[in-house]
Amino acid sequence: MTTTTLEEQIHGGHGAHPEEVDYLRAKRGIWSWMTTVDHKRIGVMYMVGTLLGFLVAGVLALIFRADLMTPDSELGRELYNKLFTLHGAIMVFIFIIPAIPAALGNFFLPLMLGTKDVAFPRLNLMSFYVWVLGLIVLLAAIIAGNLDTGWTFYTPYSIKSNADGSGNIAPLVLATTGAFILGFSSILTGVNFIVTVHKMRAPGMTWNRMPLFVWASYATAVIQVLATPVLAITLLLLMLENVFQIGIFNPAWGGDPVLFQHFFWFYSHPAVYIMILPAFGIISETISVHSKKHIFGYKAIALSSVAIAIISFLVWGHHMFVSGQSEFAAALFSFLTFAVAVPTAIKVFSWVATLYKGVITWNASMLYTLTFLFTFTIGGLTGIFLGALSVDIHFHDSYFVVAHFHYVMMGGTVIALLAGIHHWFPKMFGKMYNEGHARIGVILVFIGFNMTFFTQFMLGSQGMPRRYAEYDPVFQPYHVISSIGSFILGAGLLWTLVYLVMALKNGKKAPANPWGAASLEWATQSPPIEHNFHETPHVDTDPYNYPEIDRTAAKAHH
Amino acid sequence: MTGLFFLADASGKGFWMPPAASEYAEHVDALFMFILVLSVLFFVLLMGLTGYFAVKYKASPTNTRSSPVSHNFKLEFLWSAIPTVLLVVIFAWGFRDFTSLSATPADALELRVVGQKWNWTVSYPKLDRECTSNSSAKGENVVDFYVPVDRPFTVQLSSQDVLHSFWIPAFRVKRDAVPNRYTGYTVTPTRPGIYPVFCAEYCGDSHSQMRGTVHVLTKEEWEKDFLGTDKCKLDPKAPDYKPKLFAKYGCNTCHSVAAGRAVIVGPGLHGIYGKEEPTSAGSVKVDDDYIRESIEYPSKKIVTGFEGKNMPSFKGRVTEQELAALIDYIKSLQ
């Protein structure tokens, strides 16, 4: 080995500790997991839980994609409607909102900051159990309450009318409660992250030396804490309305169903940024580490996360351009929507610039990062069509929207999650996976994803509405390509699961810093010891300072 | 490569959009093309650079040192400012065309559109006509309605029950139909033809069957084939008045009238008159009174096996004369 490890740099070479028992083996038995306050174990539990949710919701999607291969519905309309409701609700509330912050964020935020744990370890464990409770309540509400409303639960359709004309809001209240409990769990994670970032950074770790994944997680945490209470207000209003029979959302009592959309999106739009900001954080890490180059525009990327977090609260009305809200409101929301596009564009430009004159390794994490640049750029650009008022009037509630948000949520967040999992897997579990196997996965996912969702842009622009169990046969060719794509995508993801589980068992032992990264999580052994570091690290440089960077060129340049 | 495929196909006729059949559609398509061209340019630029860098700077025995460049103020300023300017242009363009939807000239043809689960009723208040939907054997509910070319028409939308959305892709317009409130838009058809209409806001089981067809007629056709005929006239003396009424209230979206009594949502009605049916309140003979009660108070005696289907009450919505006509119609299904 010619390159020095990060640990040797930090400890001047004399800190080589003998291998110590890692966090996975420090305690044994299922009880030690269920009562753990170790942020790493909680992160792993979240990872297993959220990925199970992803698996279930993904299989549901494959079932109705198979149904959509023909214009008629073999499943029947009622079952089809319940399936897409479950798919959306599980994907959004159970999987994608907590997936990155609660799984990878929990595991790596303290490690990256050079601290032993998050600020409130017990609260952290509690957030996991609150999440489990929330998912039980939400699933019970949807399944037992026969909800077929889509994940957005729009009134008055979600107020199941009783035969005597009165409303039955029990399923809606229960579903909102489920979403709120899940949101509450993310508040606990958010509070933990905010305090940890403010109070527990290692000596020398100034704000400008924090890895960008930490910045992104911090911005996300702020949104989680501020946005979720709106769900509680919605819940309270729903209950007040039904106990006192005052019209708030229910038109039968003189309420305004569009008001429910305002409340719903006031939470759910910032939630979109809860889903995507941590993904931006991952890409900022992986693109820099695997090209051995200092991230381009550190401050711009860090501050654009904060800017996005703030503006994200002010754009919810773009979900309602055709709902009958006033034109003035529509204009304002359209303008603010374009305002949020600018910091997002800055990030993409900065990532591409990071590749310039790097030393780029084409490993699985980097290939997923490049895939992210491809798919997320399409997701972002198609958002411009939807932000433009006149064009949105045509595209609203069509497959174009479905394609757009899958390019952002899946092409953005899920692909970034895959980049992150491949980047940090050796650290988390101490094992290397097979790069050849991973490359097959990347190719399948890339082809499958684009086949599935690119066709849906054409479907939408040509006039295919979303949430249709049956459709006009003219749309069939695109639906067939999309469905075949989804099976390829499913196969790619299943393959990924298989080789990663194989690697857990038979993988080669991972070194402390397999990628030659410079942030603190790589300065401890793989997997880390229970208390993360043998001694508190001292930080005197930024996290993107690689030995490969040609310092002489900088001097010659100036 | 993908970028080129994108551009080549996008320029192909009709690759993205259905034929543009209204003034508004032409405006939408122009802005769509503007954004598309910009998007393709930016996408090709970004992916071209990404691919070029990824290949050119791949780690190799000759490429072991990376550049120390970590920021460049001029570059960062440019790539913030240029998108900002472009986005402001797109915003203003989109807003300008959007406002045209709510400008209603005095000579506009007035249409009143009511959505209910799961059909549309399109009426012409000044022409005393009302187009109701026809249902096919497959359960599609399609309303046919007619507008003249080159004359603006304005749609006043409302809903009997839940949210719906009245989308005419060829005109590029849609707006939600909301209970308790009117919404709407004004649009000018420019090309004669027959174009599909969809419900775009999810509204339950048969959402995908809530459809329509708009016939854009030339001036002569409008005079001769619409105004000169009794299309869409609801005439109580006409032979098809009763089935039309049955469709107008959406009865057909849940109750089949064909022999065999296939179940759509509720019980099929063919041959039901005079039969004994098991219900939640014991066995009941289906007569005029029971049908009347089932229309006005559907939950009183629910036919066994259909509990929880929650048929809405039509009390207050159906007049005495219409009730009689509906009962006669069900009686005739033998």
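This is a predicted model: local features need pLDDT of at least 70, side-chain atom pairs count only at pLDDT 80 or more; totals for chains, interfaces and linings use all residues.
A polar contact is a pair of N or O atoms within 3.5 Å, where, within protein, one atom must be able to donate a hydrogen and the other to accept it. By that rule, 31 residue pairs are in polar contact across the interface of chain A and chain B, both residues of each pair being at pLDDT 80 or more.

**The interface of chain A and chain B**

- On the side of chain A that touches chain B, at least two residues each come from helix H4 (77-113), helix H9 (257-289), helix H11 (327-355), helix H12 (364-387), helix H13 (389-395), helix H15 (435-462) and helix H17 (551-557) of chain A.
- Of the elements on this side of chain A, H11(A) gives the most, with 15 residues.
- Sorted by residue type, the side of chain A that touches chain B holds 55 nonpolar, 27 polar and 18 charged residues.
- Contact across the interface involves 100 residues of chain A and 87 residues of chain B, and the two chains bury about 8,100 Å² between them, with 67% of that area on carbon and sulfur atoms.
- The rule finds one salt bridge across the interface of chain A and chain B, and a salt bridge is formed by B:Arg181 with A:Asp256, whose closest N and O atoms are 2.8 Å apart.

- Strand E11 (residues 210-217) of chain B is largely enclosed by the rest of the structure, because eight of its eight residues are buried.
- In a regular strand the side chains alternate between the two faces of the sheet.
- In E11(B), B:Met210, B:Gly212, B:Val214 and B:Val216 point one way while B:Arg211, B:Thr213, B:His215 and B:Leu217 point the other way, and all of these residues are buried.
- Strand E5 (residues 141-148) of chain B pairs with E11(B) in the parallel sense over eight bridges, and in this part of the structure B:Phe145 stands opposite B:Val214 of E11(B).
- Strand E10 (residues 193-199) of chain B pairs with E11(B) in the antiparallel sense over six bridges, and the bridge partner that B:Ile194 has in E11(B) is B:His215.

**Helix H6 of chain B**

- Helix H6 (residues 288-296) of chain B has among its buried residues B:Tyr290, B:Ile291 and B:Glu293, together with B:Ser294, B:Ile295 and B:Glu296.
- The buried residues of H6(B) pack against strand E12 (276-279), strand E13 (282-285) and helix H7 (320-331), which belong to chain B.

- A:Ser185 lies in helix H6 (residues 170-199) of chain A, and with a relative accessible area of 3%, which is under 20%, A:Ser185 counts as buried.
- Leaving aside residues up to four places away in sequence, A:Ser185 touches A:Tyr46, A:Ser127, A:Val130 and A:Trp131.
- A:Thr36 belongs to the loop between helix H2 (30-34) and helix H3 (39-67) of chain A, and its relative accessibility of 8% makes A:Thr36 a buried residue.
- Although A:Thr36 and A:Asn124 are 88 residues apart in sequence, they are 9.7 Å apart in space, C-alpha to C-alpha.
- Leaving aside residues up to four places away in sequence, A:Thr36 touches A:Arg41, A:Ile42, A:Met45 and A:Leu125, and the side chain of A:Thr36 also reaches the backbone nitrogen of A:Asp38 at 3.1 Å.

**Backbone features in loops**

- A cis peptide bond with an omega of about -15° joins A:Ser526 and A:Pro527, and A:Pro527 lies in the loop between strand E4 (508-509) and H17 of chain A.
- In chain B, the peptide bond from B:Lys117 to B:Trp118 is cis, with omega near -10°, and B:Trp118 is found in the loop between strand E1 (109-116) and strand E2 (119-124) of chain B.
- A:Asn146 has a phi near 55°, a positive value in a residue other than glycine; A:Asn146 lies in the loop between helix H5 (121-144) and strand E1 (160-161) of chain A, and at 43% relative accessibility A:Asn146 counts as partly exposed.
- A:Asp397 has a phi near 60°, a positive value in a residue other than glycine; A:Asp397 is found in the loop between H13 and helix H14 (399-429) of chain A, and at 10% relative accessibility A:Asp397 counts as buried.

How values were computed
Residues are numbered from 1 along each chain as its sequence is written. Chains are lettered from A and ligands numbered from 1 in the order in which they are written. Side-chain values use heavy atoms; hydrogens and water are left out. Buried means under 20% relative accessible area, exposed over 50%, partly exposed in between (1.4 Å probe, protein chains only). Helices (H or I, at least four residues) and strands (E, at least two) are DSSP runs, numbered from the N terminus. Two strands pair if DSSP finds at least two bridges between them. Contact means heavy atoms within 4.5 Å. Buried area is the accessible area (1.4 Å probe) that two parts lose on being put together, summed over both. A salt bridge is a side-chain nitrogen of Lys or Arg within 4 Å of a carboxyl oxygen of Asp or Glu. Ala, Val, Leu, Ile, Met, Phe, Trp, Tyr, Cys and Pro count as nonpolar, Asp, Glu, Lys and Arg as charged, and the others, Gly among them, as polar.
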